[in-house]
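Biologist: Can you walk me through this one? Start with the ligand, then the chain.

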Amino acid sequence: MRRKKDRQDYYYWQAKKLGYRSRAAFKLLQMNKTFKLIKEGDWVLDLGASPGGWSQVAVELGSKVVAVDINPMKPIEGVTFIKGDITKPETLDEIRKIREEFDVVLCDASPKITGKWTIDHLLSVDLARAAFNIAKQTLVRGGCFVVKIFQGEEIQNIFNEFKPFFRFRKFHSPKASRKSSAEIYFVGKGFRKP
Ligand SMILES: C[S@@+](CC[C@H](N)C(=O)[O-])C[C@H]1O[C@@H](n2cnc3c(N)ncnc32)[C@H](O)[C@@H]1O
């Protein structure tokens, strides 16, 4: 059964109405409008992709998508799905079997929430670092990287780690993120190897 919070949620109903698999789809739509991340013909790597809202948006924007999640995902036309854990090195091997380079790497992966702020923060930092490790090895020069992180004490360290690799870098909270949520997105554009 859906939680009351979800039933009352504007983006939840919009997602249902427009056929998106998650309300999260609107976060990517909003970030893409603000930062112009995905162009027609791009190859997009979507990490932590299930149930597939971000992949749907990326396909709609005219890109080809490789999606990865530890959980299954129902097929989407134009999306190649890998069931894998982004913290495991073999997942990068699986990605590379399909495509070596991507114009955009996205990561909306969330850890299993414990309810303890610091633990959830540190678990999300581990996922963000795993996504960045994959991004560093697959992004084209000039590419874009977006990753979700739950805010906490490591946030500035993460920013300092990612910063030298991007011409443009910023933390951003899209309107579709819940006000009560600790999540924030690192947006990096213009990938370069320092
Ligand atoms: C908030 S959901 C992503 C929603 C998605 N962006 C959408 O629009 O449908 C977070 C996802 O991260 C996945 N995830 C968590 N840890 C992961 C890991 N280590 N490797 C791959 N996926 C992971 C979860 O299984 C979950 O499906």
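Modeller: Below we take the ligand site, then some single residues. This is a predicted model, where local features need pLDDT of at least 70, side-chain atom pairs count only at pLDDT 80 or more, and totals for chains, interfaces and linings use all residues. Residues are numbered from 1 along each chain as its sequence is written, and side-chain values use heavy atoms, with hydrogens and water left out.

Biologist: Which residues come nearest to the ligand?

Modeller: Ser22, Gly53, Asp69, Asp85 and Asp108, out of 20 residues around the ligand. A residue is near if one of its heavy atoms lies within 4 Å of the molecule.

Biologist: How do the shell residues divide?

Modeller: Eight are nonpolar, eight polar and four charged. Here Ala, Val, Leu, Ile, Met, Phe, Trp, Tyr, Cys and Pro count as nonpolar, Asp, Glu, Lys and Arg as charged, and the others, Gly among them, as polar.

Biologist: What does the side chain of Asp85 do with the ligand?

Modeller: An N or O atom in the Asp85 side chain is 2.8 Å from a ligand nitrogen. That is a polar contact, meaning a pair of N or O atoms within 3.5 Å; within protein, one must be able to donate a hydrogen and the other to accept it, and residues adjacent in sequence count only if both atoms are side-chain atoms.

Biologist: How much of the ligand does the protein bury?

Modeller: 85% of the 600 Å² that the ligand exposes when taken alone. Accessible areas come from the Shrake-Rupley method with a 1.4 Å probe; for residues, only the protein chains shown count as cover.

Biologist: Where does the ligand sit?

Modeller: In the largest pocket. A molecule sits in a pocket or cavity if more than half of its atoms lie within 2 Å of its grid points. On a 1 Å grid over the protein atoms alone, a pocket is an open set with protein on both sides within 12 Å along at least five of seven lines, a cavity is a set of points where a 1.4 Å probe fits but cannot get out, and lining residues have an atom within 4 Å of a point.

Biologist: Back to Pro51. Is its peptide bond from Ser50 cis or trans?

Modeller: Cis, with omega near 10°. Pro51 is in the loop between strand S1 (43-47) and helix H4 (53-60). Helices (H or I, at least four residues) and strands (E, at least two) are DSSP runs, numbered from the N terminus.

Biologist: New topic. What is the phi of Lys36?

Modeller: Near 50°, a positive value in a residue other than glycine. Lys36 is in the loop between helix H3 (25-35) and S1.

Biologist: Why does Lys36 count as exposed?

Modeller: Because its relative accessibility is 58%. Exposed means over 50% relative accessible area, buried under 20%, partly exposed in between (1.4 Å probe, protein chains only).

Biologist: And Phe166, buried or exposed?

Modeller: Buried, at 0%. Phe166 is in strand S6 (residues 166-172). Its C-alpha is 8.7 Å from that of Gly143, 23 residues apart along the chain.

Biologist: Where is Ile158?

Modeller: In helix H7 (residues 155-162). Ile158 is buried, with a relative accessible area of 0%.
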